[in-house]
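Colleague: I would like to check the labels on this one. Take me through them, term by term.

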Amino acid sequence: MPIVVATLRTKPGRREEVLEAFRRHAAAVHAEPGCLLYAAHAGEDRVTVVENWADQAALDAHSAGPVLATLGGEIADALDGPMDVAVLEPVPAGEPDKGQLPNT
């Protein structure tokens with residue numbers, strides 16, 4: 001089950017614009033086949049999205065799909081540089097309910 005962590009640095013004063021775009025498109029991403037988690041988190045100058053997909057095929061479909069293309073177009077001008085996207089595999093450790101994301 002691939003985990004995606006995408007960090008987007010925002011231009012000064014543009015963070016809320018990026019968050020609004022994620023809010024507008026979250027339901028559509030959640031409805032995509034294989035989406036187990038798609039959650040945005042914000043810091044002062046960045047938005048980090050944590051994703052969990054049922055399998056690589058679901059992630060590939062999301063990555064090539066229209067929702068992500070639309071979202072990317074809407075936020076491109078508000079970003080301060082390229083996105084940092086990491087595709088990861090879970091490494092369970094410690095207590096099962098605390099040492100990994102749900103559904104992994």
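Colleague: Why does Lys 11 count as partly exposed?

Modeller: Its relative accessibility is 29%. Buried means under 20% relative accessible area, exposed over 50%, and partly exposed lies in between (1.4 Å probe, protein chains only). So Lys 11 counts as partly exposed. Keep in mind that this is a predicted model: local features need pLDDT of at least 70, side-chain atom pairs count only at pLDDT 80 or more, and totals for chains, interfaces and linings use all residues. Residues are numbered from 1 along each chain as its sequence is written, and side-chain values use heavy atoms, with hydrogens and water left out.

Colleague: Where is Lys 11, and what does Lys 11 touch?

Modeller: Lys 11 sits in the loop between β1 and α1. Helices (H or I, at least four residues) and strands (E, at least two) are DSSP runs, numbered from the N terminus. Leaving out residues up to four places away in sequence, Lys 11 touches Asp 77, Ala 78, Leu 79 and Asp 80. Contact means heavy atoms within 4.5 Å.

Colleague: What makes Asn 52 buried?

Modeller: Asn 52 has 0% relative accessibility, so Asn 52 counts as buried. The residue lies in strand β3 (residues 46-53). Its side chain reaches the backbone oxygen of Pro 102 at 3.2 Å.

Colleague: And Val 91, how do you know that Val 91 is exposed?

Modeller: Its relative accessible area is 69%, so Val 91 is exposed. Val 91 is placed in the segment after β4.

Colleague: Which residues have the most contacts inside the largest nonpolar core?

Modeller: Leu 8, Val 18, Phe 22, Tyr 38, Trp 53 and Ile 75, in a core of 20 residues. β1 (3-9), α1 (15-30), β2 (35-43), β3, α2 (56-64) and α3 (66-75) each supply at least two residues of this core. The largest share, five residues, comes from α1.

Colleague: What makes a set of residues a nonpolar core?

Modeller: The residues are buried Ala, Val, Leu, Ile, Met, Phe, Trp, Tyr and Cys, joined through side-chain atoms within 4.5 Å. In soluble globular proteins, nonpolar side chains tend to be buried together.

Colleague: Which category does Val 87 fall in, buried, partly exposed or exposed?

Modeller: Val 87 is at 49% relative accessibility, so Val 87 counts as partly exposed. Val 87 belongs to strand β4 (residues 84-88).

Definitions and conventions:
Polar contact = N/O pair within 3.5 Å; in protein donor to acceptor, adjacent residues only side chain to side chain.
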